[in-house]
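I opened this notebook to record what I looked up in the structure shown below. The entries follow the order in which I consulted it.

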Amino acid sequence: MGDVLAGSNAVWEFDADAVLIRYERGLRNSRLLQVLGQRRVPYAALTGVELAPGRRGTLVLRAVPRPGADPLMEAADGQLKEAADPYRLVLPAAREPLAEQCAERLVTAIGALGAGEDEPAARHLVDAPAPPLSFKAYDGRASFDGHTVTFRWSWTGASTPKWRAGDQHFPVAGLTGLEWRSPEAPGGHLRLLPRDGGGRLPGSADDDPAAVVFGLGYGPVHESLPLAAAVLAAVQRAARSRPALERDGYSRAADVDDMSA
């Protein structure tokens with residue numbers, strides 16, 4: 001194992017090709033980070049490093065994730081509060097020399113990979129939280145078993161259109177993505193984008209059977225965002241495997257035609 005840099009919210013351990021981040025528990029630390037536990041972030045999933053003064057005599061070292069490399073950050077879409085950012089390490093200001101050394105190490109490791117600074121990743125490089133995952137929304141319960149997203153409506157919160165549509169089951173192969181809006185802001189929801197809908201969002205999330213809505217105490221970030229990230233990762237895997245399956249199907253059909261000729 002490599003060098004270790006310990007902060008108040010996390011511990012970073014540097015390996016040859018990645019940084020292992022272990023998040024600290026405690027009342028002052030983000031519940032999202034505590035749920036994540038630890039993450040392995042390849043240097044290929046980063047584009048740079050930032051080092052800046054923090055609050056009350058602290059220093060913040062932040063790795064900058066590459067667009068498209070982390071399904072969690074892709075789902076969050078810039079909505080996370082600073083304390084919940086999984087790429088921040090908060091250190092005592094007195095440890096600035098060591099932080100600078102680690103920042104230089106990261107910059108060197110990232111630069112050695114030769115990728116453009118703003119070049120998006122072709123695929124996810126950081127693992128999403130592992131299913132099964134579930135959470136209680138205001139109008140129902142959302143769950144994901146690794147293959148299918150299920151929405152089961154609550155009689156106390158679901159709209160009439162949702163009740164009429166009945167409980168919903170969405171295989172990831174039939175999705176193109178999703179929209180997560182933080183429960184810490186008005187209009188919070190998790191909305192799936194079915195492939196047969198062309199990626200369009202019809203009407204309000206309140207009445208969309210492909211969406212669950214959040215509310216005070218419903219769909220908290222540390223529960224709904226990990227599920228959203230896991231679904232995004234599964235959707236990408238399904239999309240990447242689809243061309244290969246289609247090619248295999250075409251080849252088998254061609255073989256049958258050749259045999260019958």
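Entry 1, helix α3. I began with the side of α3 where Pro 97, Gln 101, Glu 104, Thr 108, Gly 111 and Ala 112 are exposed. I took exposed as over 50% relative accessible area, buried as under 20% and partly exposed as in between, with a 1.4 Å probe and protein chains only. The model is predicted, so I note that local features need pLDDT of at least 70 and side-chain atom pairs count only at pLDDT 80 or more, while totals for chains, interfaces and linings use all residues. Residues are numbered from 1 along each chain as its sequence is written, and side-chain values use heavy atoms, with hydrogens and water left out.

I then listed the buried residues of α3: Ala 99, Cys 102, Ala 103, Leu 106, Ala 109 and Ile 110. Viewed down the helix axis, they fall within an arc of 125 degrees and therefore line one face of α3; the arc is that of the directions from the axis to the C-beta atoms. These buried residues pack against β1, β2, β5 (46-53), β6 (58-65) and β7 (88-92), contact meaning heavy atoms within 4.5 Å. Helices (H or I, at least four residues) and strands (E, at least two) are DSSP runs, numbered from the N terminus.

Entry 2, the sheet. I traced an open sheet of four strands in the order β1-β2-β3-β4, with antiparallel pairing; two strands pair if DSSP finds at least two bridges between them. β1 (4-6) and β4 (38-42) are the edge strands, each with a single partner, so one side of each has no neighbour in the sheet. From one strand to the next the twist averages 15 degrees. Three antiparallel bridges link β1 with β2 (residues 10-14), and Val 4 stands opposite Glu 13 in β2. I found α3 (residues 96-112) lying across β1 and β2, at about 50 degrees to β2; axes are lines fitted to C-alpha atoms, for helices over the stretch in contact, and angles run from 0 to 180 degrees between N-to-C directions.

Which residues does a cis peptide bond join? It joins Pro 131 and Pro 132, with omega about 10 degrees, and Pro 132 sits in the loop between α3 and β8 (133-136). Arg 56, not a glycine, has a positive phi of about 50 degrees; Arg 56 is in the loop between β5 and β6 and is exposed at 87% relative accessible area.
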